[in-house]
Amino acid sequence: MAHSVYWSWSLDPCQLSSWVESPHFQPSVACRKLPSVINPRSISLGFAIRKGSEGRKAMASYAGIRRGPGSLSMAKRLVAEEEETKHSLEKNTWLHKDAGDLELSELTAISPMDGRYASKVKELRPILSEYGLIRYRVIVEVQWLVKLSEIPEISEVSNFSNETKLYLEDIARKFNIEDALEVKRVENVTNHDVKAVEYVLKKRFEAHPELTKVLEFIHFCCTSEDINNLAHSLMLREALDLVILPSMDQLIDAICNLAHKYAHIPMLSRTHGQPASPTTLGKEMANFCFRLSEQRRKVSEVRLLGKMAGAVGNYNAHLVAYPDVPWQKVAEDFVTSLGIGFNPYTTQIEPHDYIAELFGAIVRFNNILVGFDRDIWGYISLGYFRQQVKAGEVGSSTMPHKVNPIDFENSEGNLGVANAISGHLSSKLPISRWQRDLTDSTVLRNLGSALGYSLLAYKSTLRGITKLEVNELRISEDLEQSWEVLAEPIQTVMRKHGIPEPYEKLKEFTRGRAVTRESMREFIGSLDMPKEAKERLLQLTPHSYVGAAELLAKTI
């Protein structure tokens with residue numbers, strides 16, 4: 001029932017059977033025999049009244065017969081209210097009645113990944129799309145058939161000729177959109193995506209003299225998840241190797257270049273948002289370079305796993321059909337031949353622990369990048385960075401002067417979406433009821449979304465970095481106004497020379513007061529310590545008090 005209006009009124013249970021017999025009324029609660037202790041006339045039941053003249057007539061007729069004239073009036077009133085609601089919705093909506101028939105395009109796509117941002121993540125389409133999933137399924141099915149032909153005990157499938165192996169390899173390597181559409185057409189009939197792949201391959205092989213003899217060995221001893229789990233591993237491996245890890249590397253290189261370029265520029269630190277011991281601009285970039293590099297390494301080190309062990313992971317059908325075949329060794333050899341690690345202990349599904357680990361590492365990388373985006377945003381706000389202006393771009397629809405840090409803001413926003421999806425993948429996928437439920441299937445279709453939003457963010461940050469121009473004068477101004485940051489080295493040297501309560505003395509001198517070059521020099525001059533120690537302190541400035549920051553930045 002596509003369109004229904006819900007009403008609720010009191011109803012004598014003795015009339016319930018007549019209501020549910022009508023095709024125009026469906027109860028919205030379970031109908032059960034009621035205990036005698038319940039007052040039957042205090043029961044309120046909800047009904048879904050089918051729209052249309054027949055439904056309204058049936059309701060009005062029934063109410064008039066069963067409930068009398070008063071109920072007929074109520075029924076008419078409810079019908080009138082329904083019509084009024086319908087006309088009100090039609091009058092107040094801005095949506096054209098034919099809007100629902102729009103063809104799918106970048107303009108009509110619901111997800112911005114396939115709409116506004118489609119061109120920015122296009123390199124992931126051949127890998128992580130529905131087409132990509134079908135293509136990897138075909139690869140697994142074809143390679144499994146080749147593997148069966150190499151097992152001596154399976155005499156029904158003789159070792160394929162080189163020509164046949166090349167033919168099979170071509171099917172896998174040259175799989176295209178038309179082939180995928182053929183699979184989808186078959187799926188419309190089977191309502192099963194993996195079975196559709198099997199049927200398409202059988203049809204394709206019928207004309208081949210060698211393969212037509214072994215059609216029933218396509219998908220032999222396999223459950224759908226034997227094919228799917230390996231397809232997902234192949235998808236993730238190629239997405240990581242060809243797109244995600246190279247993009248991470250580009251990002252890390254760009255930030256490391258900032259560290260080297262700005263290693264020498266002293267900058268006021270801020271802890272809790274307040275002036276703190278100086279650093280260099282390059283050193284702060286180096287921090288992110290190192291942290292991102294560590295998480296990138298952990299992403300790359302996650303071992304992608306797969307299984308090929310049948311319906312519940314025990315090779316049940318395999319051992320009945322061919323008890324002398326060492327199936328676990330065969331499965332391990334096959335899985336590892338695809339470049340995937342072998343998981344020997346599974347149920348119907350590979351338990352996805354590695355996917356949870358992988359996306360956990362990606363979330364950590366992304367969270368560090370959120371910190372970078374926010375820090376750069378803050379430095380732009382302070383005036384430490386200017387942004388290159390691009391002719392024709394608009395920063396604000398009403399304030400012409402605006403040049404907004406939109407790339408870093410877009411990156412931060414998309415990282416949030418990526419992490420939300422990745423977090424769900426990590427927390428949900430390792431959990432499955434008994435030997436398998438289907439909740440993982442729909443969630444796994446979002447691998448592309450998690451990686452796509454991450455890729456989009458990486459590209460936004462990279463674009464933002466290319467627009468940055470350092471404003472050394474503005475950075476220097478903040479340092480010149482923050483002589484109080486020298487309280488730390490002065491009280492440390494005072495401790496060295498045995499001057500009592502050095503921290504307390506500097507606290508009284510600096511906290512809540514304006515400290516200048518002159519007042520700081522005067523304070524140092526009053527200290528009872530060796531002359532050379534005083535001279536060293538007098539040479540300090542907020543610009544020079546950066547410790548090993550420059551060296552650290554240059555050596556990242």
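View 1. At 53% relative accessibility, E501 counts as exposed (over 50% relative accessible area, with buried meaning under 20% and partly exposed in between, for a 1.4 Å probe and protein chains only). In this predicted model, local features need pLDDT of at least 70 and side-chain atom pairs count only at pLDDT 80 or more, whereas totals for chains, interfaces and linings use all residues. Residues are numbered from 1 along each chain as its sequence is written, and side-chain values use heavy atoms, with hydrogens and water left out. E501 lies in the loop between α18 (487–496) and α19 (502–510), where helices are DSSP runs of H or I with at least four residues and strands runs of E with at least two, numbered from the N terminus. Although E501 is not a glycine, its phi is positive, at about 50°.

**View 2. The buried residue C221 in its loop.** C221 is found between α8 (193–205) and α9 (224–261), and it counts as buried because its relative accessibility is 16%. C221 is not a glycine, yet has a positive phi of about 60°. Most residues other than glycine have a negative phi.

**View 3. The lining of the second largest pocket by element and residue.** A pocket is an open set of points on a 1 Å grid over the protein atoms alone, where a 1.4 Å probe fits, with protein on both sides within 12 Å along at least five of seven lines; lining residues have an atom within 4 Å of a point. This pocket is lined by 14 residues, of which E484, A487, E488, Y503 and T510 lie nearest its centre. β5 (274–280), α18 and α19 each supply at least two residues of the lining.
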